[in-house]
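I wanted a look at one strand and its neighbours, then at some helix packing. My notes are below the model.

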Amino acid sequence: MKLLIVGVDGYSDRVFYDLELPASFVKTRLMPKSLFGRSKPSVQRDKSGKLAPHTGPNWSSIYTGVTPKIHGVDYGGWLNDQMSHGDLKVRSIWYEIRDHYKLGMIGMPITYPAFKCEWMISGFPNSRITENSVYPKDLKLGKGFKVDYGDGITSWRDDLIKNWDRGEYEKFVGIEDEKVDLAIKLNAVNPVDVLAFGTTIVDKSCHLFSLFSPQSFKIYKKVDSIIKRLFEAFNPEQMIVLSDHGFMAIKPIHNDKGFYLWYEESQTSSELRSIEIIETTKMILSALKLDIGMIGHKQGEKKYKQEDKDFILHNMKELGYL
Ligand SMILES: [Zn+2]
């Protein structure tokens with residue numbers, strides 16, 4: 001595989017620097033052959049007037065290389081006019097990548113609705129599978145497959161807090177292992193050059209239990225093992241791990257200390273460098289020797305249909321975001 005991208009929502013750079021190695025695979029196997037460091041997201045004002053980095057705006061910036069004001073997903077809480085990938089005001093990298101390479105995607109945040117590529121399942125906010133959240137529409141997923149934690153009706157938070165030790169933790173992380181299994185299966189049938197795999201378990205855990213909680217430590221280790229599984233299954237020439245924001249240490253809320261890493265098998269040394277989040281766009285393109293071209297430039301105004309809006313709203317509520 002040419003490039004493996006792993007999008008870890010809310011992965012703070014502090015997981016790698018302050019803590020006693022809850023991410024040992026990334027640290028010992030990937031970092032010595034990587035450019036890595038802090039990635040600084042942009043901040044958005046929310047309903048209460050506070051400024052903080054938010055998920056929708058920053059993933060959309062990663063995908064377009066421009067600020068939220070320009071791509072349109074620019075509201076804290078991010079359900080204003082523009083909502084997700086389908087109604088971005090500017091062109092994203094995914095179209096460029098799928099036009100040049102075989103692209104597979106599972107669970108990358110803010111990628112609804114699914115678009116044409118080899119195969120894909122939209123990510124956050126998407127816990128239910130519908131014919132608009134997968135491509136091709138008849139993609140075989142296996143019975144009971146889920147892309148995110150949630151039951152489609154209630155908020156996920158209470159269950160996870162109350163029953164963490166009574167089986168909910170296993171359910172919560174089990175979904176991620178099933179996503180890896182599925183990526184391996186889909187790739188065996190229809191191999192891709194570029195795989196993008198996303199997860200939101202770090203973000204959820206940090207919101208519920210905070211950055212330095214024992215629960216979040218367990219999740220960092222789990223994410224590390226997922227990255228290891230993906231790496232060993234696909235043996236990529238290059239790998240990019242990235243997040244959209246980090247978390248404060250004292251309060252369970254987002255801050256502007258995200259993380260990125262660009263691994264290259266042929267590298268013999270490493271480099272630490274802080275970057276702005278929009279620089280990750282060029283990084284992904286350089287890894288694939290693609291030009292920025294029309295990415296970040298205005299594209300024909302697309303608007304969601306009411307059913308798409310309802311779907312996104314429903315999922316955001318169910319996932320505890322609204
Ligand atoms: Zn996020």
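I worked from a predicted model, where local features need pLDDT of at least 70, side-chain atom pairs count only at pLDDT 80 or more, and totals for chains, interfaces and linings use all residues. Residues are numbered from 1 along each chain as its sequence is written.

Entry 1, strand E5. I found E5 at residues 103-106; strands (E, at least two residues) and helices (H or I, at least four) are DSSP runs numbered from the N terminus. In a regular strand the side chains alternate between the two faces of the sheet. I checked both faces of E5, and both are covered. Leu103 and Met105 on one side are buried, as are Gly104 and Ile106 on the other. Buried means 20 or more other C-beta atoms within 10 Å of the residue's own, with C-beta atoms placed from the backbone.

Entry 2, partners of E5. I looked up its pairings, which need at least two DSSP bridges. E8 (residues 194-199) runs parallel to E5, joined by 4 bridges. Met105 faces Ala196 there. E6 (residues 119-121) also pairs with E5 in the parallel sense, over 3 bridges. Here Gly104 is opposite Trp119.

How do H7 (residues 168-189) and H9 pack? Their angle is about 10° and their axes are 11 Å apart; axes are lines fitted to C-alpha atoms over the stretch in contact, and angles run from 0 to 180 degrees between N-to-C directions. So H7 is roughly parallel to H9, the term for angles under 35 degrees.

Note on methods. Buried ≥ 20, exposed ≤ 12 C-beta atoms within 10 Å, placed from the backbone. Parallel < 35°, antiparallel > 145°, perpendicular 65-115°, else oblique.
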